[in-house]
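Please look through the sequence and the model shown here before reading on. The paragraphs after it are meant to be read with both in view.

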Amino acid sequence: MFVPKEETRHVRIPEQAARRAPPPHLRVAERPPGRGLDLHGQIKVAHWKVRGPLFPSLHPLFEQFAVAIAGLSDAIAERAVTLGARAYGTARHVANASRLPEYPQETVRDLEHIRLLADRFDAYLQGLHQARRIAEEGDDGDTADLLTQAISDFEKNAWFLRATGDA
Ligand SMILES: [Fe+2]
């Protein structure tokens with residue numbers, strides 16, 4: 001039987017990150033995942049309910065957005081935890097913390113879903129911009145870089161959404 005050596009049985013984390021107490025500004029890194037998880041659920045509702053001539057484009061496009069935002073939320077939450085902050089992700093917490101408006105459940109038409117999601121994408125991006133500003137003020141360039149990457153990734157999705165709506 002293979003027995004790993006003592007030093008390989010423990011997960012190693014970067015020493016600096018392990019020792020560092022979470023700076024107050026990191027509460028900002030705790031927030032975007034909540035909003036991102038809320039938006040993920042709203043995108044899935046649009047994915048399930050969309051009807052109309054744009055269905056063949058929108059159904060897979062909405063799924064692509066859902067996968068993208070799940071990845072961003074994961075990366076941001078893991079950054080927060082790496083630095084000693086908390087990752088809030090339960091449905092109860094997200095329902096309390098997210099400032100996105102609720103998604104109207106009765107919506108079915110394709111163009112209406114595009115309009116509703118475009119508004120929510122803007123709100124999500126505003127939150128990321130705000131989080132990045134606070135990270136910069138806290139002199140945490142690495143978290144700010146992660147948020148910059150998240151912003152540029154998600155701005156591309158907002159463009160895909162609007163371009164599809166113009167068709
Ligand atoms: Fe699906």
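What follows goes from the chain as a whole to its helices, and then to single residues.

This is a predicted model, and its secondary structure comes to six helices and zero strands, so that the pattern read along the sequence is α-α-α-α-α-α. The chain has 167 residues, of which 31% count as buried. Among the contacts between residues at least 6 apart in sequence, 78% join residues that are at least 24 apart.

Leu-117, when its neighbours within four places in sequence are left aside, is in contact with Ile-43, Ala-46 and Leu-161.

The C-alpha atoms of Ala-70 and Leu-39 are separated by 9.3 Å, although the two residues are 31 apart along the chain. Just after helix 3, Gly-84 takes a positive phi of about 95°.

Helix 6, which covers residues 141-165, has 25 residues and reaches 36 Å from its first C-alpha to its last, close to the 36 Å expected at 1.5 Å a residue. Its buried residues are Thr-143, Leu-146, Leu-147, Ala-150, Phe-154, Asn-157 and Leu-161.

How do helix 3 and helix 6 lie against each other, and at what angle do their axes cross? The two axes come within 11 Å and cross at roughly 170°, and therefore helix 3 is roughly antiparallel to helix 6. On the side of helix 3, the residues that meet helix 6 are Ser-57, Leu-58, Leu-61, Phe-65, Ala-68, Leu-72, Ala-75, Ile-76 and Arg-79; on the side of helix 6, their partners are Thr-143, Leu-146, Ala-150, Asp-153, Phe-154, Asn-157, Phe-160 and Thr-164. Sorted by class, this contact has 11 nonpolar, four polar and two charged residues.

The last stop is a residue in helix 5, namely Arg-132. Is Arg-132 buried or exposed? Arg-132 counts as buried, because it has 21 C-beta neighbours inside 10 Å, and 20 or more are needed for that class. Once its neighbours within four places in sequence are left aside, Arg-132 is in contact with Ala-144, Leu-147, Thr-148 and Ile-151. Arg-132 and Thr-143 are 11 residues apart in sequence, and from C-alpha to C-alpha they are 7.5 Å apart in space.

Technical notes
Residues numbered from 1 in each chain as written. Predicted model: local features only at pLDDT ≥ 70, side-chain atom pairs only at ≥ 80, totals over all residues. Helix = DSSP H or I, 4+ residues; strand = E, 2+ residues; numbered from the N terminus. Expected span 1.5 Å × (residues − 1). Buried ≥ 20, exposed ≤ 12 C-beta atoms within 10 Å, placed from the backbone. Contact = placed C-beta atoms within 7 Å. Axes fitted to C-alpha atoms, helices over the stretch in contact; angles between N-to-C directions. Parallel < 35°, antiparallel > 145°, perpendicular 65-115°, else oblique. Nonpolar A, V, L, I, M, F, W, Y, C, P; charged D, E, K, R; others polar.
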